[in-house]
Amino acid sequence: MVKRLLFATLMALCAATALAYDFSAVAPSGQTLYYNIVDGHAEVARSTSSSYVTGDLVIPSTVTYNDVSYTVTSIGSYAFRDCGGLTSVTIPDAVTSIGSYAFRDCAFRDCSGLTSVTIPDGVTSIGNSAFSGCSSLTSVTIPDGVTTIGDFAFYGCTGLTSVTIPDGVTSIGNNAFYNVRHIEYYGSATGSPWGAISMNGVTDGDFVFSDTTKHYLLAYLGAGGEVAIPSTVDTIGRGAFYRCSGLTSVTIPDRQRGLLWLHWPDLCHHRQRRHLHRQRGLP
């Protein structure tokens with residue numbers, strides 16, 4: 001009983017800490033934001049009202065409190081979590097850090113969500129789960145100054161079909177890009193952090209191939225409908241058509257000179273399909 005009471009007390013203290021802020025101010029785009037003063041700078045903070053931030057948000061570069069001007073340099077953990085009505089965010093150039101869970105689950109409420117975000121060149125780190133669950137996010141540009149991308153940073157961003165990661169990124173967390181269908185990265189980060197459908201490769205139209213021979217199909221990036229796989233392909237990689245919900249028909253080429261290797265269980269995983277055509281010569 002005592003342990004349960006202690007645990008409940010600790011949870012309440014953590015919640016209170018997570019929602020604490022020093023002051024609030026109206027952003028240039030009209031929304032009320034909350035801030036903490038950290039080392040002489042302003043950090044965007046979480047509050048009980050943060051989930052009601054909606055529309056196109058412009059975070060100011062400076063804010064004033066008690067007649068003192070503070071430069072906004074960071075976005076705190078959980079700052080915009082569950083902001084289902086948030087559609088776009090412009091982050092000021094002075095921001096260097098985006099905290100853990102900062103925009104988590106933005107796309108799961110109000111039938112809308114974060115579709116675009118402008119990350120300034122000054123950002124050097126993107127925290128754990130910073131954009132996790134932002135399934136309506138369709139594009140993001142990671143600036144060259146970023147060196148660290150946390151665990152699950154873009155986890156579940158199923159609207160992202162392709163992401164280019166700067167070569168200067170040296171630390172990428174576990175499943176940072178899980179469900180992102182194609183990643184371009186030629187840096188030196190090690191481990192198995194991706195959880196992505198494909199890495200690098202050669203893009204031609206809606207298809208990504210392992211090299212210029214176009215024999216190995218890594219990923220399909222198109223909108224769906226009726227798709228004919230190019231005749232050069234002799235191998236379809238695992239998850240090449242993962243989450244292609246708009247796919248209605250796939251025509252696979254007839255390999256007259258050999259068997260076309262197909263990771264069959266993953267071809268149609270998690271998506272609707274009506275027809276899958278295999279031309280003659282395939283089992």
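I begin with Tyr21, which is partly exposed, with a relative accessible area of 39%. Here buried means under 20% relative accessible area, exposed over 50%, and partly exposed in between, with a 1.4 Å probe and protein chains only. Tyr34, by contrast, is buried, at a relative accessible area of 12%.

Before going on, a word on the basis of these values. This is a predicted model, in which local features need pLDDT of at least 70 and side-chain atom pairs count only at pLDDT 80 or more, while totals for chains, interfaces and linings use all residues. Residues are numbered from 1 along each chain as its sequence is written, and side-chain values use heavy atoms, with hydrogens and water left out.

How many aromatic pairs does a search of the whole structure find? The search returns 11. Rings of Phe, Tyr and Trp (its six-membered ring) pair if their centres lie within 6.5 Å; planes under 30 degrees apart count as stacked, over 60 as edge-to-face and the rest as tilted. Helices (H or I, at least four residues) and strands (E, at least two) are DSSP runs, numbered from the N terminus.

The pair of Phe154 and Phe177 is stacked, because the ring centres are 5.3 Å apart and the planes are at 10°. Phe154 belongs to the loop between β12 (148–149) and β13 (163–164), and Phe177 to the loop between β14 (171–172) and β15 (183–184), so the pair ties together parts 23 residues apart in sequence. Both Phe154 and Phe177 are buried. Phe23, Tyr35, Tyr65 and Tyr70 form one aromatic cluster.

I turn now to the sheet. Four strands form an open sheet in the order β4-β7-β9-β11, with parallel pairing; two strands pair if DSSP finds at least two bridges between them. β4 (55–58) and β11 (139–140) stand at the edges with a single partner strand each, so one side of each is left without a neighbour in the sheet. Strand β7 (residues 86–90) pairs with strand β9 (residues 116–118) in the parallel sense over three bridges, and Thr90 stands opposite Thr118 in β9.

Finally, the whole protein: it has two helices and 23 strands, and buried residues make up 43% of its 283 residues.
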